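Subject: Structure for you to look at

Hello,

Here is the structure I promised. Please open it first, then read my notes below.

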Amino acid sequence: MFPISHFNITKTPFYYYDKTLLSNTLAKLIRLAGERNYHVHYAVKANANPEILKLIAASGIGADCVSGGEIKAALEAGFPAKKIVFAGVGKADWEIEYALEKKIFCFNVESAEELSVIEELAKKKENIASIALRINPNIDAHTHEYITTGLSENKFGIPIEMLDSIFSQIQRSPHVQLVGFHFHIGSQILNLETFHVLCERINQLQDDLSKRNIQVKHINVGGGLGVDYENPDKNPIPDFGRYFDIFQHNLNLRGGQQLHFELGRSIVCQCGSLITRVLYIKKGIEKQFVIVDAGMTDLIRPALYQAHHCIENITSDMEKCRYDVVGPICESSDCFGRDVMLNETKRGDLIAIRSAGAYGEAMASQYNCRTLPGYLIE
């Protein structure tokens, strides 16, 4: 799977991206979404590598952005403005103004205060801002607490109980146009029954609002589809068909309504691996440590979320031994995996940390004055 001869002359650590797998993932996603007339927006926050963005933009899907910088990156990569949605609880004035100037498709609005600011800035520009209200459905996504976004105590979204005042605010303004409802309940969701619950909440909400003659053209159910971090080779492409079927069979769309998705991790995660070189094998009293040149600055998920990644020695075919795989950062949390079974490992070996295409390179930092990781796409 990995072109080891290339890696031996490449400075580590770096991200390796399998362009063929990304293309195959996009092709399957687009085919299955197209069969159901669904609209997909790639969540740029998962991986904003410019070359990756260009490949995804060329496929024809839209972009889901959470900052002005992401909107700029998406436009530069070739995503059309009319397919860009702008989410996030803390949109700065300049970001809103930039999005208005570029005439993006829609703002996903998360509070009454944000709505007032968008209204004010749109009025100043003599513009009309298309908005979707991000509604908090109070659903437990049963995922890590840091990536659960749909509970009532989360910072995201507008509680259903507050919608009446929001609707009144919209009706009073000629500078905002309500075009949709937006929902996103979390990330890395493996229990797909959770999406059944989301459909039920949306159906109930739409039934209640239809009695008041309130209907929108667009329903955006966010993303959240998880991937298989345990067996990346067995399940390289998520089951988009089963995921879409849940909404097709359980969500009651009104006539003319269009359904949108914001998928990120499930598109790019499995195509990326972090390649790192072994610096030392440190023998403890009861443990052996593989110390590599990548650290939490290059891939923070294990330190931040206690996330699991499949780890492989891609240069050794010796018998397997048990190791803790750690990085060089001066933090005890700088550990990629404990009690990992690797082929017997020595200084200079190459280690692949799999399923790192999402929230890997995008979250890299320069803590300890380290350089950012490079990348190789082929």
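A word you will need at once is "buried": a residue is buried under 20% relative accessible area, exposed over 50% and partly exposed in between, with a 1.4 Å probe and protein chains only. C271 is buried by that rule, at 5%.

Please note that this is a predicted model, in which local features need pLDDT of at least 70, side-chain atom pairs count only at pLDDT 80 or more, and totals for chains, interfaces and linings use all residues. Residues are numbered from 1 along each chain as its sequence is written, and side-chain values use heavy atoms, with hydrogens and water left out.

Cysteines

The test here is a pair of cysteine sulfur atoms within 2.5 Å. C271 does not pass: the nearest cysteine sulfur, in C269, is 8.3 Å away.

Aromatic rings

Rings of Phe, Tyr and Trp (its six-membered ring) pair if their centres lie within 6.5 Å; planes under 30 degrees apart are stacked, over 60 edge-to-face, and the rest tilted. The whole structure has 13 aromatic pairs. One of them joins F195 and F247: the centres are 5.8 Å apart and the planes are at 50°, so this pair is tilted. F195 is in helix α8 (residues 193–210) and F247 is in helix α9 (residues 240–250), so the pair ties together parts 52 residues apart in sequence. Helices here are DSSP runs (H or I, at least four residues), numbered from the N terminus.

Y243 is buried, at 0%. Ring pairs link Y38, F195, Y243, F244, F247 and F261 into a cluster.

Best wishes

How values were computed:
Helix = DSSP H or I, 4+ residues; strand = E, 2+ residues; numbered from the N terminus.
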